[in-house]
Every structure is written in structure tokens, then in C-alpha cells.
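User: I'd like to talk through this model with you, strand pairing to begin with and packing after that.
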Amino acid sequence: TNAQIDIKQFWSGDALPYQMMYALPGNIPSLGQKFTFRTVDFAEVFGDNVTMVGLEYNFMDELFTATNIPVLEDLQLQLSAHFNAAWSSISDKTKILNEDLFSKNPVELKSPLFEAGFGIGQIMLPLRFEFTWRLNHLGKTNFVFGINSAIF
């Protein structure tokens, strides 16, 4: 088994134009990759001060082989669990610089956004089926089923 941690911090001390702000790595529907927010749409959350933490634990096939169920232990299924957290904000200077683009209030995460889930794959296939739940900041996308692959 193994664990991976990804921590990113983006910070600007001055005003930034819209195109230079950091967007949380969201996903297009039904597709995903490691250390991305599965319940966040593409460019849904952005800011000039963003902190992101991603954790992934790969159980490999240890839990399935430990069951001693003949068919299940022979399938070589891989189980993983993931957890993501993020905070984001937009400074007043940046809001003033981009006021014409911010006609509606942009999404800011003053309290952290949390999501957690698990994935099941097979060692010979480059696909993993993932199930992810948004734990707070509930809205339109609170649960996502997706396919994760390194080839996307």
C-alpha cells in the first residue's frame, strides 16, 4: 500500500487580472485525475489566494485478498481512497481590477471545501471507477461518479 500527499499554495500580494488567477483543478463531467476536485466544475472556483491539499491512499488489492473470498481475491482489484480540501479568496484589489468581469459574485471558499471518496480499478486496466462526495458547501454537485485514468 502507499499514500500520496499533494499540497499547493498560490498567493499574490497585488491585484491580478482574471486570467492570471489560480483555478482549483476541477473536472469535466465523468472524467477525473489524481489530486483534482471531482465535485468542482472546470474553473468554478478561483482566486488570488488559494490553498489546496490532496490525499490519496492506495490499498492496492490487500483488502480484497484479506477477505479470502475465492473469486474476489483472484480478481486483483485495486482500492483507493481520496480526500481533498481547499480554501480560496479574492483580494479587494483584484476585485476592483476585475469588477467588470465579476458581474455576479465569484465563488470564494472562506471556510474549506472538503470532498472524499474511493475508487476501484483492476491492475491490468488503466481505468479506475471513482465515487466522490462533497462533504460541505453543498450545491448542485454533491456526489460524482467518474472514471479516472492516467491516459486522459
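Analyst: Two strands pair if DSSP finds at least two bridges between them, and the strands themselves (E, at least two residues) are DSSP runs numbered from the N terminus. This is a predicted model, in which local features need pLDDT of at least 70, side-chain atom pairs count only at pLDDT 80 or more, and totals for chains, interfaces and linings use all residues. Residues are numbered from 1 along each chain as its sequence is written, and side-chain values use heavy atoms, with hydrogens and water left out.

User: Which residue stands opposite Ala81 in E9?
Analyst: That is Phe118; E8 and E9 run antiparallel and are joined by eleven bridges.

User: And how many bridges link E7 and E8?
Analyst: Eleven bridges, again in the antiparallel sense, and Val50 stands opposite Ser88 in E8.

User: Why does Ser89 count as buried?
Analyst: Because its relative accessibility is 18%, where buried means under 20% relative accessible area with a 1.4 Å probe, protein chains only. Ser89 lies in strand E8, residues 77–89, and ten of the 13 residues of E8 are buried.

Methods: Helix = DSSP H or I, 4+ residues; strand = E, 2+ residues; numbered from the N terminus. Buried < 20%, exposed > 50% of the residue type's maximum accessible area, 1.4 Å probe, protein only.
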